[in-house]
Amino acid sequence: MIAKDLIDFEKDIADIFNEAKIKAPIHLHGNNEDQLIKIFANIHNEDWIFSSWRSHYHCLLKNVPPERLKKDIIKGKSMTLLYPEYKIYTSAIVGGVIPIALGTALSLKKDKRDERVFLFMGGMTAETGAAHEAHKYAASHDLPLTFVVEINHKSVCTD
C-alpha cells in the first residue's frame, strides 16, 4: 500500500461522513502516511497492533481489506475497530488499549514467542499516567512492545 491509497481512503471516508452517511464519530488519519509506511515495513503479520480511535491507516497497513474496513466505518464502528484475525484492536477509550497491549507483550515474552506488540497512541494519550507507567514497566521488563506516538493535528469529526 502506498501513501496515495491511504490518503484516498480517508478522503472517501471524510466525504461519506460529510454527506451524513456515517452516524458515529470518526477520527481521520492524515499527514503521517510516509512515516507509518516506514514503521509498518517492520511489522509482520504475526505482530499485534493496538491503537486508539485514529486507526484506519493501521488497519489498512495491517492488511484489513479496504472494503471491509469501509463497511465497518459506515456502520459506526470507526471508534472501536476489532479484527482479531489480523491481530489489530482499537478503542475509543483514551488509554484503553494500553494495559491490553502491555499484557499481550508480557504474555508473548513469558511464552517465548517471536511476535511483537506495537502500541499506537495520540499525543494526549501519551501524556497520561497509564502510558507513562506502561512504558516504564515494558522497558524495565524488556518486553517486545514498541510505543508509537502520532500527532497529526486532526481531531474527531474535523479536519
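Reader: At about what angle to β4 does helix α2 run?
Author: This is a predicted model, in which local features need pLDDT of at least 70 and side-chain atom pairs pLDDT 80 or more, while totals for chains, interfaces and linings use all residues. Residues are numbered from 1 along each chain as its sequence is written, and side-chain values use heavy atoms, with hydrogens and water left out. Helices (H or I, at least four residues) and strands (E, at least two) are DSSP runs numbered from the N terminus, and angles, from 0 to 180 degrees, are taken between N-to-C directions of lines fitted to C-alpha atoms, for helices over the stretch in contact. Helix α2 (residues 33–40) lies across β1 (48–51), β4 and β5, and its angle to β4 is about 165°.

Reader: Which strands does helix α5 touch?
Author: Contact means heavy atoms within 4.5 Å. Helix α5 (residues 98–110) packs on the sheet at about 165° to the direction of β4, and the strands in question are β1, β4 and β5.

Reader: Which strands stand at the edges of the sheet?
Author: Two strands pair if DSSP finds at least two bridges between them. The open sheet has five strands in the order β2-β3-β1-β4-β5, with mixed pairing. Each edge strand has a single partner, so one of its sides is left without a neighbour in the sheet; these strands are β2 (82–83) and β5 (145–150).

Reader: How many residues apart in sequence are the parts tied together by Phe-40 and Phe-120?
Author: Rings of Phe, Tyr and Trp (its six-membered ring) pair if their centres lie within 6.5 Å; planes under 30 degrees apart count as stacked, over 60 as edge-to-face and the rest as tilted. The whole structure holds four aromatic pairs. The pair of Phe-40 and Phe-120 is stacked because the centres are 5.5 Å apart and the planes stand at 15°. Phe-40 lies in helix α2 and Phe-120 in strand β4, so the separation in sequence is 80 residues.

Reader: Is Phe-120 buried or exposed?
Author: Buried means under 20% relative accessible area, exposed over 50%, and partly exposed in between (1.4 Å probe, protein chains only). Phe-120 has 1% relative accessibility, so the residue counts as buried.

Reader: Which strand holds Tyr-89, the partner of Trp-48?
Author: Trp-48 and Tyr-89 form a stacked pair, 6.3 Å centre to centre with 20° between the planes. Trp-48 lies in strand β1, and the pair ties together parts 41 residues apart in sequence, because Tyr-89 lies in strand β3.
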